Amino acid sequence: MLTPASTSAPSGAHRPTRTGRAEERAYVRTLVVLDTAVLGVAVLIGYVTRFGDHEPRGSDVPYVLVAPGLVIAWLLSLKMLRCYDDRVLGYGADEYRRVTSASLRLAATIAITGYILDVGVSRGFLAIALLAGTLGLVAARFAARKRLHLARCRGAGWSRRVLAVGDTPHVLELVHTLRREPYAGYQVVGACIPDALLAPVPQRLGDVPVVGSFRGIPEAAEAIGADTVAITTSSELTATRLRRLGWQLEGTGIDLVLAPALTDVAGPRIHTRPVAGLPLIHVEAPEFRGARKLIKGLVDRSLSLLALAALSPLLLLIALAVRLDSRGPVLFRQTRVGQGGREFGVFKFRTMVVDADAMLAELTARNETDGLLFKMRDDPRVTRVGRLLRKWSLDELPQLVNVLIGQMSLVGPRPPLPSEVARYDGDVARRLLVKPGMTGLWQVSGRSDLSWEDGIRLDLYYVENWSLAADLTILWKTFGAVVNSRGAY
């Protein structure tokens, strides 16, 4: 039985509804329609590219049947590899991996079957259709996900309704973490806390209502219409209680997820291995040297050289604009701290007046950020051309030279000032274990709009979990952040 404080849902709470599941099914149906359209277009592209607008000569293959058959087989392959599973939709890279894997497996199946049965379907037609379809599916899923993310950030769209279960501080931490990224689609609508912490009157943890104790978790989830129960750390949630909770949730349509105390560790570093009936989580140490680091350095220097060559006309135009706008040098060289605490001069196009440093003391009281940084939206020291360059991050293009000579990386933590590093504690100093980057998680997550704490958290997360795939993802997202001018001032 629930305590009096939790037997009734709080005012405004949702009674058991199917709204969330209906929105989920509607999103899945949209994906099925979108995938079907993409595959139909891909098959048409393959046919037109291979045969033009006429029937293939000298072939008795009925392409009018082969084309829709290929689309149906492709959709079945997506279904078999669970590409419409709600646990991978809308967040993370697993959705893209499954879509790509389903397409590759279909291609392998067709190739083997065609070889064994000696089917005379054009290889060119299949190759073009499969390539176009795979790329189209990934692009369509990306577009659908971006639309879903925008809807979630506006408080609409399909999201999971989460009941958080655990000790008060851990529940509050989970709520804060999930709200930090609303586009992930986890909305905490209620909490269950230990019996000893319950009061005889309705309680709230922040703005999250307490709807029950550990003895009535399934009933509490049903009362508020939750479709996910998230378990955080608590000494009272023993293995036996968790196992019984899993049994109680069977057949209810409510998912059970665990949010361990282990945070800010990316999936590739985590491996679960069953030992003596226990699912032990093994965490690999961060990698700061080795072959992958050498490859990262080679990729950085190669791409920076290509970028400098391709952008040279733009760089010349910017240099001319800076020279004509205000007196002073075109480039600004500022001392920053790099890998291992070594200082170097970072290059930027000058965006401020020449005596900007002398004016800083007068503006300190108008600092708009916390922590060790100084930021102002309407900094009077910024020139007219400088405001335009900062808006589109064009002032940072000369840092490609720093990347080329090995002082920086394309992706990494933000390069700090020596005055910042002098006040680092032991944890923050871990940012210096890798090269600073022209862009990073801080760049694609809000830049100057981020708090000092959030910026440090993102930098440390990158240091601990960097990978070449993550670097490519961040570079791709950087274009969107620059175009939207988020946090640029």
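Helix axes here are lines fitted to C-alpha atoms over the stretch in contact, and angles between them run from 0 to 180 degrees between N-to-C directions. The model is predicted.

**Stop 1: H2 and H3**

Select residues 63-80, helix H2, together with residues 94-117, helix H3. Their axes come within 9 Å and cross at roughly 130°. An angle over 145 degrees would count as roughly antiparallel, and 65 to 115 as roughly perpendicular, so H2 and H3 are oblique to each other. The crossing of the two helices is right-handed.

Now show side chains at the contact. On the H2 side, pick Leu70, Ala73, Trp74, Ser77 and Leu78. These meet Val99, Ala102, Ser103, Leu106 and Ile110 of H3. By class, the contact of H2 with H3 holds eight nonpolar residues, two polar and no charged.

**Stop 2: H2 and H4**

From H2, select Tyr63, Val66, Leu70, Trp74 and Leu78. Their partners in H4 are Phe125, Leu126, Ala129, Leu130, Gly133, Thr134 and Leu137. Ten residues of the contact of H2 with H4 are nonpolar, two are polar and none is charged. Leu70, Trp74 and Leu78 are among the H2 residues that meet H3, and they are also among those that meet H4.

**Stop 3**

Move to Arg82, in the loop between H2 and H3. Its backbone phi is near 60°, a positive value in a residue other than glycine. Arg82 is partly exposed, with a relative accessible area of 45%.

**Stop 4: aromatic pairs**

How many aromatic pairs does a search of the whole structure find? The search finds four; two of them are visited here.

For one, select Tyr47 and Phe51, whose ring centres are 5.2 Å apart. The planes of these rings stand at 55°, so the pair is tilted. Both residues belong to helix H1 (residues 19-51), and being four residues apart they are separated by about one helical turn. Tyr47 is buried at a relative accessible area of 19%, and Phe51 is buried at 9%.

For another, select Phe142 and Trp476. Their ring centres lie 6.2 Å apart with the planes at 70°, so this pair is edge-to-face. It links distant parts of the chain: Phe142 sits in H4 and Trp476 in helix H15 (residues 468-484), 334 residues apart.

**Stop 5: H8 and H10**

Select helix H8 (residues 291-325) and helix H10 (residues 384-391). They pack at an angle of about 150°, and their axes are 8 Å apart. In H8, display Ile318, Ala321, Val322 and Asp325, which meet Arg384, Val385 and Leu389 in H10. The contact of H8 with H10 divides into five nonpolar, no polar and two charged residues.

**Stop 6**

Finish at Ser393, found in the loop between H10 and helix H11 (399-404). Ser393 has a positive phi of about 60° although it is not a glycine. With a relative accessible area of 10%, Ser393 is buried, whereas Arg82 from Stop 3 is partly exposed.

Notes. Residues are numbered from 1 along each chain as its sequence is written. This is a predicted model: local features need pLDDT of at least 70, side-chain atom pairs count only at pLDDT 80 or more; totals for chains, interfaces and linings use all residues. Side-chain values use heavy atoms; hydrogens and water are left out. Angles under 35 degrees count as roughly parallel, over 145 as roughly antiparallel, 65 to 115 as roughly perpendicular and the rest as oblique. A crossing is left-handed if the near helix is turned anticlockwise from the far one by less than a right angle, and right-handed if clockwise. Contact means heavy atoms within 4.5 Å. Ala, Val, Leu, Ile, Met, Phe, Trp, Tyr, Cys and Pro count as nonpolar, Asp, Glu, Lys and Arg as charged, and the others, Gly among them, as polar. Rings of Phe, Tyr and Trp (its six-membered ring) pair if their centres lie within 6.5 Å; planes under 30 degrees apart count as stacked, over 60 as edge-to-face and the rest as tilted. Buried means under 20% relative accessible area, exposed over 50%, partly exposed in between (1.4 Å probe, protein chains only).
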